[in-house]
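Reader: I have a model open and want to learn how to read its features. Can you take me through them one at a time?

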Amino acid sequence: MMTASQHESKQKLLESALHVIRAKGYTATHVEDICEAAGLTKGSFFHHFKSKEDLALAAADYWNSMTAELFATAEFRTLADPLDRLLAYVDLRRALLKGELPEFTCLMGTMVQEVYGTHPALREACEQSISGHAETLEPDIAEAMEKYGVEGDWTPKNLALYTQAVIQGSFILAKAKGGPQVAAESIDHLRRYLEMLFGRSNGGGK
């Protein structure tokens, strides 16, 4: 059983990993970088984690728990209309584009671009995280399809994954261009697409 100070040091390492890996990428991040960011020694690091990959896997779990709570308790979850919930989810993703790039980009999207062919356990963790998050949108999409009489050769599952493709792609563009504006514009297009798909056009606005 961990003492309070041990729990605090582990927490610091996990939080530092989220920031440093998003800032530098997984490959360029070293154990020393995370220890420096956390203000802890390598001895403390290896007390909690066997390796950088072990930390990254723990950071993935930590990320999942934080983001799951954020979206599960978001105000839009109380909206009665499923399409309103879906669009409000997109609005929230746009609203989170604040601060520097490492503050709003996705840990999983950052890591999987580097590790998909070299670190299978990390690739699987990233896939489960991104797909698992997409799955939380499927009930609202299915309900909206029924309510608005929408049919097509697509499913709630692949539309939910498409939303993540746009959002993750918007982060890549933000990194390439050095700021969040292009990501915001991409998410605006996603919102317009969903409105048109469900027959609720707003005349080309936001």
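Reader: How many aromatic pairs does a search of the whole structure find?

Author: First, the ground rules. This is a predicted model, where local features need pLDDT of at least 70, side-chain atom pairs count only at pLDDT 80 or more, and totals for chains, interfaces and linings use all residues. Residues are numbered from 1 along each chain as its sequence is written, and side-chain values use heavy atoms, with hydrogens and water left out. Now the rings. Rings of Phe, Tyr and Trp (its six-membered ring) pair if their centres lie within 6.5 Å; planes under 30 degrees apart count as stacked, over 60 as edge-to-face and the rest as tilted. The search of the whole structure finds seven aromatic pairs. One of them is Phe-71 with Tyr-89, a tilted pair at 5.6 Å centre to centre and 50° between the planes. This pair links distant parts of the chain: Phe-71 sits in helix H4, Tyr-89 in helix H5 (residues 82-95), 18 residues apart. Helices here are DSSP runs (H or I, at least four residues), numbered from the N terminus.

Reader: Why is the pair of Phe-104 and Phe-171 tilted?

Author: Their ring centres are 6.3 Å apart and their planes are at 50°, so the pair is tilted.

Reader: What does Pro-180 touch?

Author: Contact means heavy atoms within 4.5 Å. Not counting residues up to four places away in sequence, Pro-180 touches Leu-97, Phe-104 and Ala-174. Pro-180 lies in the loop between H10 and helix H11 (181-197). Pro-180 counts as partly exposed because its relative accessibility is 31%.

Reader: How far does helix H4 reach from its first C-alpha to its last?

Author: The expected span of a helix is 1.5 Å times one less than its number of residues. H4 (residues 52-72) has 21 residues and reaches 30 Å, close to the 30 Å expected. Its buried residues include Leu-55, Trp-63 and Phe-71.

Reader: Which residues have the most contacts inside the largest nonpolar core?

Author: In soluble globular proteins, nonpolar side chains tend to be buried together. A nonpolar core is a set of buried Ala, Val, Leu, Ile, Met, Phe, Trp, Tyr and Cys residues joined through side-chain atoms within 4.5 Å. The largest here has 58 residues, and Met-111, Ile-141 and Phe-198 have the most contacts inside it. H4 gives the most to this core, with seven residues. Among the residues that Ile-141 touches are Leu-86, Trp-154 and Phe-198.

Reader: What joins the side chains of Arg-85 and Asp-140?

Author: A polar contact of 2.8 Å. The term covers a pair of N or O atoms within 3.5 Å; within protein, one must be able to donate a hydrogen and the other to accept it, and residues adjacent in sequence count only if both atoms are side-chain atoms. Arg-85 is found in helix H5. With a relative accessible area of 8%, Arg-85 is buried.

Technical notes. Helix = DSSP H or I, 4+ residues; strand = E, 2+ residues; numbered from the N terminus. Buried < 20%, exposed > 50% of the residue type's maximum accessible area, 1.4 Å probe, protein only.
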